Amino acid sequence: MTARIRKGALGALGLMLTAVLLGRAVVPTAAIYQFVSDYALRWVSSLVEFPALIAGFVYARRAAERFGDGNPAARAWRGFAAWLALIALGQVVFSTYGLILRRAAPLPSLGDAFYLAGYVVMIGSLIAIQRAHAQSGFTVGTTSKKGVVAFALGVSLAIAALVTPIASMPGSVLVRALNAVYPLLDGIAMIALFVLARTVRVLRGGRAWRVWATLLLSITLSCVGDIVFAQFYFHAKLSRLEALVDLAFMASYLLAARAAYLQCSLMQGVTPTRARNEGG
Amino acid sequence: MALIVDALATDLGRTMARASVEGIAARLGLKAPLTRDEQATLLRALSPGLAVFVGKAAAEQTLFEVHVRLGLGGVK
């Protein structure tokens, strides 16, 4: 099978999967969903997400190794690798409950611990890469302080609107605190992404742009998935949006893997696969 | 400086490449047209920053090629 055919087949498969998951959210009564259950869709999502997370982890780690210890970007890539590994571990826990034991995961579960740790590490990595870019001495773009403050204020208000109903929810303090922490971390991540976006803007046209634009989109989709999840958690009638959440996370992890792969390619001058074949 | 900007633009895009080369040259007190020594100094100064985006090996390779194209010899 040539690379072109393989690429086309994967693209077609991706489009089909996207259509099925989008359709589940938009037209849940469509005939196809009498045959394709939510359980089956969850299996498919997991089977895409898990390898994507592992591939992302492998490439991000490889990128960190290639940067070397003295390079400030290495720490950020080690962090991105840890983020993807922790999310993969969280996936294993949640998939075990949902797909193997066929019951909802308890709240909190070990999966939450992995997810939250992953989020914190990811935010730390975003801060680390911005510091590395700033230390480079290169012109990484400017964002007015007013712009950042205005964006942070907007995000804070939106997050407050999401978190406030949690306070009045039934459940233990731990459960409510856990449900509040996810949107709070999303908010912090989005502010870090806003700052990273300035670098992405000035990198336009260069090969490094593809790396950072892809990672920016990946993490944005992860935050969006999380926020939509928080909404249907509180409003049971929105449960059909679960397919959208799966779609957002699936795209996020695939893009993260792609970004890490692109970073490796950029450092090699050729694709990592080709480099390996050449003994590189 | 145009040749250096062109070389860096492949990886960093033209906007960042131009702003960074001009910014670092200004920090070093260099003004166009640059002498051969100044060109070599500028290339050395660009290396650590470029390495943050593409890694040390790729940065050195890119700047080595510029060295050669500028006729500065193969000295990195």
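These legends describe close-up views of a predicted model.

**How to read the views.** In this predicted model, local features need pLDDT of at least 70 and side-chain atom pairs count only at pLDDT 80 or more, while totals for chains, interfaces and linings use all residues. Residues are numbered from 1 along each chain as its sequence is written, chains are lettered from A and ligands numbered from 1 in the order in which they are written, and side-chain values use heavy atoms, with hydrogens and water left out.

**View 1. The two domains of chain A.** Chain A is split into domain 1 (1-36) and domain 2 (37-277). These bounds come from an automatic or database domain assignment. The C-alpha centres of the two domains are 23 Å apart. Twelve residues of domain 1 touch twelve residues of domain 2. Contact here means heavy atoms within 4.5 Å.

View 2. A pocket is found on a 1 Å grid over the protein atoms alone, as an open set of points with protein on both sides within 12 Å along at least five of seven lines. Lining residues have an atom within 4 Å of a point. Grid points are joined across faces, edges and corners, and a volume is the space filled by probe spheres set on the points. The largest pocket has a volume of about 1300 Å³. It is lined by 27 residues, and the closest to its centre are A:Lys7, A:Leu10, A:Gly11, A:Leu254 and A:Arg258. Helices H1 (3-26), H2 (38-67), H8 (242-268) and H9 (272-277) of chain A each give two or more residues to this lining. Helices are DSSP runs (H or I, at least four residues), numbered from the N terminus. H1(A) gives the most, with twelve residues.

**View 3. What lines the largest pocket.** By class, the lining has 19 nonpolar, four polar and four charged residues. Nonpolar covers Ala, Val, Leu, Ile, Met, Phe, Trp, Tyr, Cys and Pro; charged covers Asp, Glu, Lys and Arg; the others, Gly among them, are polar.

View 4. A cavity is a set of grid points where a 1.4 Å probe fits but cannot get out. There is one cavity of 30 Å³ or more. The largest cavity holds about 40 Å³ of space. Its lining is A:Trp83, A:Ile87, A:Tyr115, A:Tyr119, A:Ser222, A:Asp226, A:Phe249 and A:Tyr253. Six lining residues are nonpolar, one is polar and one is charged.

**View 5. Two salt bridges in chain A.** A salt bridge is a side-chain nitrogen of Lys or Arg within 4 Å of a carboxyl oxygen of Asp or Glu. Over all chains there are six. A:Glu65 and A:Arg61 form one of them, at 3.9 Å from N to O. Both residues lie in helix H2 of chain A, four residues apart, about one turn of the helix. Buried means under 20% relative accessible area, exposed over 50%, and partly exposed in between (1.4 Å probe, protein chains only). A:Glu65 is exposed at 56%, and A:Arg61 is partly exposed at 44%. A:Asp69 and A:Arg78 form another salt bridge, at 3.4 Å from N to O. A:Asp69 is exposed at 69%, and A:Arg78 is partly exposed at 43%.

**View 6. A salt bridge between chains.** B:Asp11 pairs with A:Arg207 in a salt bridge, with the closest N and O atoms 2.9 Å apart. B:Asp11 lies in helix H1 (residues 2-27) of chain B and A:Arg207 in helix H7 of chain A, so the pair joins two chains. Is B:Asp11 buried or exposed? B:Asp11 is buried, with a relative accessible area of 5%. A:Arg207 is partly exposed, at 31%.

View 7. The peptide bond from A:Leu107 to A:Pro108 is cis, with omega near -5°. A:Pro108 sits in the loop between H3 and H4 of chain A. A:Arg102 lies in the loop between H3 and H4 of chain A. Its phi is near 55°, a positive value in a residue other than glycine. In chain B, a cis peptide bond joins B:Ala32 and B:Pro33, with omega about -5°.
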